[in-house]
Every structure is written in C-alpha cells, then in structure tokens.
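Subject: Structure for you to look at

Hello,

Here is the structure I said I would pass on. Please open it first and then read the notes below.

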Amino acid sequence: MNRKNKNDKDDFEWTETELKASKKINSLPKSLQLKLAARKTRGPQISPTKVSTTIRLSSDVIASFKATGSGWQTKIDHALKQWLEEHTLT
C-alpha cells in the first residue's frame, strides 16, 4: 500500500490494483454484512460539546503534544483551558 504519511499507519492511498481486487460489501456473506452494518458508531458527546475548528499552531508545539501519544488534541484543549483560567482576555 502506498503510504501518504509514514507517521500515520491508518492513512494510506489504495493503488488501482488494490481497488480492483477489493470486494463490494454485497458480495460478502450475509452474516458478515450484518455484522459490519451493526458496528457501533460513536454516540453524542456528553456536554460540553466540542466544536471542530482549524487553527494554525507552531510545528514544535504540535510535535511536542503528538510526542505524548494518543489524546494529544485533548491535551491541547486542557492546556488552553488552563491558560484561560490563569489569564484575563480583554
């Protein structure tokens, strides 16, 4: 598989050969189709609801948070909340 980003093993592009070799869901056994269709999806967020946004941060800031592993975006959220508690916005 052709990897776009060596750091993200789940993010890849399929080649034409892989696409042609892939199976459509309706060609799978009914029991497997039902199992795949019944996969649990993420439920609604418990309040407070987070808002998806795009911001630009320094690469060293992102690298530092990513280096802490899973949950790095939540850690940024906590750091910003702590900053807000300690500072007054004018």
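Is Lys81 buried, partly exposed or exposed? Lys81 is partly exposed, because its relative accessibility is 42%; buried means under 20% relative accessible area, exposed means over 50%, and partly exposed lies in between (1.4 Å probe, protein chains only).

Some ground rules come before the rest. This is a predicted model, in which local features need pLDDT of at least 70 and side-chain atom pairs count only at pLDDT 80 or more, while totals for chains, interfaces and linings use all residues. Residues are numbered from 1 along each chain as its sequence is written, and side-chain values use heavy atoms, with hydrogens and water left out.

The salt bridge

The structure holds one salt bridge, a term for a side-chain nitrogen of Lys or Arg within 4 Å of a carboxyl oxygen of Asp or Glu. Its partners are Asp77 and Lys81, whose closest N and O atoms are 3.5 Å apart. Side chains of opposite charge can pair when their charged atoms come close. Both residues sit in helix H4, four residues apart, or about one turn of the helix. Helices are DSSP runs (H or I, at least four residues), numbered from the N terminus. Asp77 has a relative accessible area of 26%, so Asp77 is partly exposed.

The largest pocket

The largest pocket has a volume of about 680 Å³. Of the 18 residues that line this pocket, Val51, Ser52, Thr53, Gln73 and Asp77 are the closest to its centre. On a 1 Å grid over the protein atoms alone, a pocket is an open set of points where a 1.4 Å probe fits, with protein on both sides within 12 Å along at least five of seven lines; lining residues have an atom within 4 Å of a point. The volume is the space filled by probe spheres set on the points, which are joined across faces, edges and corners.

Helix H4 (residues 72-86) gives the largest share of the lining, seven residues. By type, the lining divides into eight nonpolar, seven polar and three charged residues. Ser52 is in the loop between H2 and helix H3 (59-66), and Ser52 counts as exposed because its relative accessibility is 76%.

The nonpolar patch

Ile25, Leu32 and Leu36 form a nonpolar patch on the surface, with about 230 Å² of accessible area together. Such a patch joins nonpolar side chains within 5 Å, from residues with over 30% relative accessible area and no salt bridge. Leu32 belongs to helix H2 (residues 30-37) and, at 34% relative accessibility, is partly exposed. Between Leu32 and Ser52 there are 33 Å in space, C-alpha to C-alpha, and the two are 20 residues apart in sequence.

Lys23 is exposed at 65% relative accessibility, and Lys24 is exposed at 56%.

Regards

Note on methods. Helix = DSSP H or I, 4+ residues; strand = E, 2+ residues; numbered from the N terminus. Nonpolar A, V, L, I, M, F, W, Y, C, P; charged D, E, K, R; others polar. Patch = residues over 30% accessible without salt bridge, like charges linked within 9 Å, V, L, I, M, F, W, Y side chains within 5 Å. Areas by Shrake-Rupley, 256 points an atom, 1.4 Å probe, with all protein chains shown as cover.
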